[in-house]
Structures are given as C-alpha cells and as structure tokens.
Amino acid sequence: MIQEEVSKAPVNNLNHNPSYNDDLWEAGNEQSQEWKSKSIGKLATSLAKAQAELKGAEKASDNKFFNSKYADLHKVIESSLPSLTKYGLSVVQGNRYCTLTNGFYVTTMLLHESGQWIKSEIRMSTNPGKQSPNHAIGTAVTYGRRYGLSAICGIAQFDYDGNDNKPLT
C-alpha cells in the first residue's frame, strides 16, 4: 500500500524533466477520463452528414519559414462551421496547463444538440524561442485549435494549384 502511494505522488517540478510517463500518471489521476458521452449515435449521424458536405480548408496563408502555404484557423473554421451547425453540431475549444508535466493542452469538444459529445486533446509545445512566453502560448493555442478542429471534423487542407506534394526547397 505504501509503495502504491509513493508511486502516485506528484513529481517535484523544480528538478524534473517531463516525460510520457508523467502524462500517463496524470491521465490516471484526473477526475474524469471520458472522451465521449455515454452514447454518440446521434452525433455520429450528424457528423457523417456534415462531413459529406465539407470541402476542406484552403491553404491561403503563407508560411515564410518553410516557403509554403497552409490553411489558417479562420479557414478551418470557415470550412467547417456552416456544415456542422446545419446538422446540430457545435465546437468548444479550451486550454489547460498541467503543473506536473509543465504541459500545455488544447482541448476540442464536438457537441450535438442532443447533449452527446466527443472530446480530443493535444499537448502543445510552448518553447518560446525568440518569442515572448505569452506569444509562444498564443501561438500554441492557435496551432492546437487548428489541429484539433481539423482532426475532430475530418477536415483536410488543400490548395488550388496542385502543389500539395512539392518538395521543400
């Protein structure tokens, strides 16, 4: 019994490098580990109808670092919400910070008007590099929201010029 209690004790953040095992520890000790409501049949039916109408998110923003284009958060929202809302679906996104792992997470929930829901969460890097810490968090939130919304709705990015598979130069 004592061994179990020790192994579940929080890790001192001052002298600890976060690891995958810390995320597992955290996951096992959260109050709710649910990623979906008890039933998701109505949500799944509505999502299938919405996905049949989704056209993807246009790569309209420039990534100067990689000399490429990408679909920004606005394009992903613009390409998803009309079809989602048409079938009684909505999206809620939020963030949380884990003091145990120093992990920053963006959570995406897809909700149905019946009360059914599914949830996804992604851990984002907040290494500021040359940015201020606040700017790094803002960047992580934007990336996480774009990735989370794209994933939970099944949205792909596309471009009109057919250069999706060109090698980076």
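The bend at a residue is the angle between axes fitted to the seven residues ending there and the seven starting there. The model is predicted: local features need pLDDT of at least 70 and side-chain atom pairs count only at pLDDT 80 or more, while totals for chains, interfaces and linings use all residues. Residues are numbered from 1 along each chain as its sequence is written, and side-chain values use heavy atoms, with hydrogens and water left out.

**View 1. Helix H4 and its kink.**
H4 covers residues 73-86; helices (H or I, at least four residues) and strands (E, at least two) are DSSP runs, numbered from the N terminus. A kink of about 30° lies at Ser 80 in H4, shortly before Pro 82. The end C-alpha atoms of H4 are 20 Å apart, which agrees with the 20 Å that its 14 residues should span at 1.5 Å a residue; the expected span is 1.5 Å times one less than the number of residues. Leu 73, Val 76, Ser 79, Ser 80, Ser 83 and Leu 84 of H4 are buried, where buried means under 20% relative accessible area, exposed over 50% and partly exposed in between (1.4 Å probe, protein chains only). Gly 88, with a positive phi near 80°, follows H4.

**View 2. The E4-E5-E6 sheet.**
Three strands in the order E4-E5-E6 form an open sheet with antiparallel pairing; two strands pair if DSSP finds at least two bridges between them. E4 (89-98) and E6 are at the edges with a single partner strand each, so one side of each has no neighbour in the sheet. From one strand to the next, the twist averages 20°; axes are lines fitted to C-alpha atoms, for helices over the stretch in contact, and angles run from 0 to 180 degrees between N-to-C directions.

**View 3. The E5-E6 hairpin.**
E5 (residues 103-112) and E6 (residues 117-124) run antiparallel and are joined by eight bridges. Four residues separate the two strands of this hairpin, and Gly 115 in the turn has a positive phi of about 100°. Leu 111 has Trp 117 as its bridge partner in E6, and Thr 107 has Glu 121.

**View 4. Helices H3 and H5 on the sheet.**
Helix H3 (residues 41-53) packs on the sheet and touches E4, E5 and E6, its direction making about 90° with that of E5. Helix H5 (residues 133-153) also packs on the sheet, touching E4, E5 and E6, at about 35° to the direction of E5. The 21 residues of H5 reach 30 Å from first C-alpha to last, close to the 30 Å expected. Buried residues of H5 include Ala 136, Val 141, Arg 146 and Leu 149. Gly 154 follows H5 and has a positive phi, near 80°.

**View 5. The nonpolar cores.**
A nonpolar core is a set of buried Ala, Val, Leu, Ile, Met, Phe, Trp, Tyr and Cys residues joined through side-chain atoms within 4.5 Å. The largest has 14 residues, and Leu 84, Leu 89, Leu 110, Cys 153 and Ile 155 have the most contacts inside it. H3, H4 and H5 each supply at least two of its residues. Leaving aside neighbours within four places in sequence, the residues in contact (heavy atoms within 4.5 Å) with Leu 89 include Leu 43, Leu 47, Leu 84 and Leu 110. A second, separate core has five residues, among them Phe 104, Val 106, Met 124 and Ala 140.
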